[in-house]
Amino acid sequence: MKNHTLTIFIISLLLQTSFISYSQSSKNELYLSKIAINDSVFSSTFNEYKKVWVQLPENYNPKSAEKYPVVYILDGSVQLETLESVYSNYWGHFLPHMILVGISNQTNRTRDLTTSQIKTRRGAEFNQDTGGADNFTEYITKELIPHIDKNYPTTSYRTLIGHSYGGLFTINMLINHNSLFKNYIAIDPSLDWDNQKLLKQAKEKLKSEDFSEKSLFVSMAAEQLHMMDETVTIDNLMENTSEFTLFPRSIMEFSTFAETLKENGLNFSWKIYPEDLHGTVPLPSIRDGLVFLFKWFQFKNPPKYNNPETTIKELTKMLEEQAEIYHQNFGYAVPPMVEELFNGYGYMNMQMGAPDRAKLFFEMGVKYYPKSANSYDSLAEYYESVEDYTNALKNIKKAFELSQSDNHKQRMKTIQSKM
């Protein structure tokens, strides 16, 4: 094989690694139709309808006034499933209830996610349309987000996640259009694009501009840093100046630079995944990225909630402090626990023979989730357990008013029979 042919073959292989995971879009859409709402937005920017998938939280109640933070993920036809898997395992203690939005990039992906026009890439002619990130940004900011905010119970607390070219786009949003998103996760971002054009711009802006109240997590897949030379490792990567290592070197250069800056206010973290490839790194990156971005959401002193010796006064103070932490970070009032945890702690304390503690958690559930039939049902069950049937009936009636369910109707009759 001649050297020129070998070069083209390697470049082609490198390009395939960037797109290979996106060939499964149709298969993934069948799964998405089961877990998410298939929606679309007419874009005047592109003069066409754009697909979008919206997954509402499990506790979503159309009768409730509760609103939720939103996570937007690029390449939604492929990556929303991964995001949903992480979220479904980590909400509660690690993450709040959130709305997940998958943004479609099935057509014109390279054009829409890249930040400048190029004619060559990795030493070869590049014939795809490029450099349309500004138009796609306009679509997201002026059309997609307003559509989501109008049709779903959202708050203004937003997170953006992107992989590969999507990671390039995500960092561009932070650097040049950061008014709409609070958090950013850039997964193996293509910062080598256009001779590191965005990387160079980002370094200048990170030094000179204020990024307070913004958070960024960057990941890097490092199982294969040089396709032709296995001796290239994380330790000697920056010594290799070949075209083959420009992609990982760009990520490392950006991340080590951002890590050293403290005065710009950016809450930054990054992680190398030595056993992951470009196509496998989204799963651990989304998990670690979300846990980092919402580190403040995690309970302070969780063992005290489980300790039977923690007093009612202490528990009340802890919940008040947790609510204040959430208010400071979200920018609006948020319950100190998701509803499921109020119920969980309530029933745990009932089983442990601590009725006063159980009552506290059930009453807090009603206080913070007044439109939830389940909260009143749980408090009614507590009153039944202490044979206070008057209050049990009062609360189960409220549950029935909210749910109109046969179960609550029957519970009312059962409690009345005990009075």
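Which elements are included in what covers the buried residues of α9? Among them are β3, α3 (76-90), β7 (154-163), β8 (183-187), β9 (215-221) and β10 (267-273), where covering rests on contact, that is, heavy atoms within 4.5 Å, and buried means under 20% relative accessible area, against over 50% for exposed and in between for partly exposed, with a 1.4 Å probe and protein chains only. Helices (H or I, at least four residues) and strands (E, at least two) are DSSP runs numbered from the N terminus.

This is a predicted model, in which local features need pLDDT of at least 70 and side-chain atom pairs count only at pLDDT 80 or more, while totals for chains, interfaces and linings use all residues. Residues are numbered from 1 along each chain as its sequence is written, and side-chain values use heavy atoms, with hydrogens and water left out.

The predictor's confidence in each residue is given by pLDDT, from 0 to 100; its mean over the protein chain is 90, and 92% of the residues reach 70 or more. Residues 1-23 are a stretch where pLDDT stays under 50, and for them the model has 28 contacts beyond four places in sequence. Where pLDDT is low, the predicted coordinates should not be read in detail.

Taken as a whole, the protein chain has 16 helices and 10 strands, and its C-alpha atoms fill a box of roughly 90 × 45 × 40 Å along the principal axes. Of the 419 residues in the chain, 52% are buried. Among contacts between residues at least 6 apart in sequence, 69% join residues at least 24 apart.

To return to α9, this helix covers residues 282-293, and its 12 residues reach 16 Å from the first C-alpha to the last, close to the 16 Å expected at 1.5 Å a residue, the expected span being 1.5 Å times one less than the number of residues. The helix is mostly covered, since 9 of its 12 residues are buried, including Pro-282, Asp-288 and Phe-292. One of the elements that cover it, α3, has 15 residues that should span 21 Å at 1.5 Å a residue, and its end C-alpha atoms, 20 Å apart, agree with this. Buried residues of α3 include Gly-76, Gln-79, Glu-84 and Tyr-87, and just after this helix Gly-92 takes a positive phi of about 110 degrees.

Glu-387, which follows α14, has a positive phi near 60 degrees.

The largest pocket has a volume of about 630 Å³. Of the 33 residues that line this pocket, the closest to its centre are Asn-59, Glu-66, Tyr-68, Pro-335 and Tyr-369. The elements that give two or more residues to the lining are β3 (68-73), α11 (312-330), α12 (339-351) and α14 (373-385), and the largest share, 3 residues, comes from α12. For these terms, a 1 Å grid is laid over the protein atoms alone, and a pocket is an open set of points where a 1.4 Å probe fits, with protein on both sides within 12 Å along at least five of seven lines, while lining residues have an atom within 4 Å of a point. Grid points are joined across faces, edges and corners, and the volume is the space filled by probe spheres set on the points. By class, the lining has 19 nonpolar, 8 polar and 6 charged residues, where Ala, Val, Leu, Ile, Met, Phe, Trp, Tyr, Cys and Pro count as nonpolar, Asp, Glu, Lys and Arg as charged, and the others, Gly among them, as polar.

Some single residues complete the picture. Ile-37 lies in strand β1 (residues 37-43) and is partly exposed, with a relative accessible area of 34%. Leaving aside neighbours within four places in sequence, Ile-37 is in contact with Val-52, Trp-53, Val-54, Leu-56 and Tyr-152. Asn-47, in the loop between β1 and β2 (48-55), has a positive phi of about 55 degrees although it is not a glycine, and at 61% relative accessibility Asn-47 counts as exposed. Glu-213, in the loop between α7 (193-208) and β9, is likewise not a glycine but has a positive phi of about 70 degrees, and Glu-213 is exposed, with a relative accessible area of 62%.
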